[in-house]
Amino acid sequence: MAEYDLDAMIADVKTLIEIESPSYDLPQLQKSAETLAAMIERHLGRRCDLVESSAGTHVHWKGGEAVPDGKRVLLLGHHDTVFPMGTLDRLPFAVTDGVMTGPGCFDMLAGIVQALHGLATLDDISHVELLFSADEEVGSHQSRALIEERAQACGNVLVLEPSAAEGALKTGRKGCGTFEVVITGRASHAGLEPEAGINALVEASHQVLAIDQIGDAALGTTVTPTVANVGTTDNVVPAEGRIKVDARVESADEKARVEAAMAALTAHVDGAAVDVNGQIGRPPMPESASATLFPIAQQVSPGIEGYSVGGGSDGNFTAAIGIPTLDGLGAVGGGAHADTEHVIVATMPERARLVAGIVAALGPN
């Protein structure tokens, strides 16, 4: 059983957090990628490739070149966060009473650090690849092809996203995506001639009610109107409205049904037009995807639990192309994407051991 320097782990997380790496902020993502690459080299001894994209710089590392395709393991994560620049001013990094706080600590910078410290204890990591993308929090549109390519080459994927409740692993995930419903009406004076207008707010109300009926709780499908913006001022019949919709499904059949139902939305108000954009961009990750990897985790950490969750990750992509994928191997804590984001510091060494143990079990015999 390797011993871990918890203070060193905390210091590494602090280094990454204090860069601040919001999605879409290309200079900060470049700085974050360079710092992370240097940290990987310091711990693991080989240099990283920095992969440029229009969404930011991805970090890719390989433990060796001689391992054949399909006999490696890809540790997958992201170094972008949801927190805008300046968050650190009001939410500085801190460790208080055994709880780490700071923007991005739980999702997912501590998970990256835990993995590096775990891998550093192993004698042979020639079969390991690391890929940390710069755009996961905004859909992985630029990194998806690279993620799928490396997953296919490696043959197994361990996702360093935060754990589920009480440290449980994520053995399945719903597919998820966002739609936007755009409603076009016609403006007019609300007092002098409201009849001359086509009221986008009334049409939006019809659409919200219709969208709310698309979900199917019995099948685990949720379709939720989340944001609506309609109108300009209180004396004008609104001419345009926009509705954001969050959709999550457990099966490919439900993905197709929901996308078809959203595309089929039609106007109820005479003269109004309805246009629907978006899709369920992250396909479902069925629990079967983790069927070969979760038992290894249970051998390494007896009693550890795993279950399917509603949120999506890049593991959805790797599972969808048939690559064994186990998720939730990152930090233990909570509050993802909120000011309450936190990590339980005492759990960090054990999570490092867990990742190291699974990686070792997947290594050359």
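Let's start with an open sheet of 4 strands, ordered S11-S13-S9-S14 and paired in the antiparallel sense. Here, strands are DSSP runs (E, at least two residues) and helices are too (H or I, at least four), numbered from the N terminus; two strands pair if DSSP finds at least two bridges between them. Strands S11 (222-230) and S14 (273-282) sit at the edges with a single partner strand each, so one side of each has no neighbour in the sheet. From one strand to the next, the twist averages 15 degrees.

This is a predicted model, where local features need pLDDT of at least 70, side-chain atom pairs count only at pLDDT 80 or more, and totals for chains, interfaces and linings use all residues. Residues are numbered from 1 along each chain as its sequence is written, and side-chain values use heavy atoms, leaving out hydrogens and water.

Inside the sheet, S9 (residues 175-184) and S13 (residues 240-249) pair over 10 bridges, antiparallel. Thr184 has Glu240 in S13 as its bridge partner.

Now for the largest pocket, which has 33 lining residues. A pocket is an open set of points on a 1 Å grid over the protein atoms alone, where a 1.4 Å probe fits, with protein on both sides within 12 Å along at least five of seven lines; lining residues have an atom within 4 Å of a point. Nearest its centre lie Glu136, Glu137, Gly139, Cys176 and Arg282.

| Element supplying at least two lining residues | Residues |
|---|---|
| Helix H4 | 105-119 |
| Strand S8 | 169-173 |

S9, S13 and S14 each supply at least two residues as well.

Notes. Axes fitted to C-alpha atoms, helices over the stretch in contact; angles between N-to-C directions.
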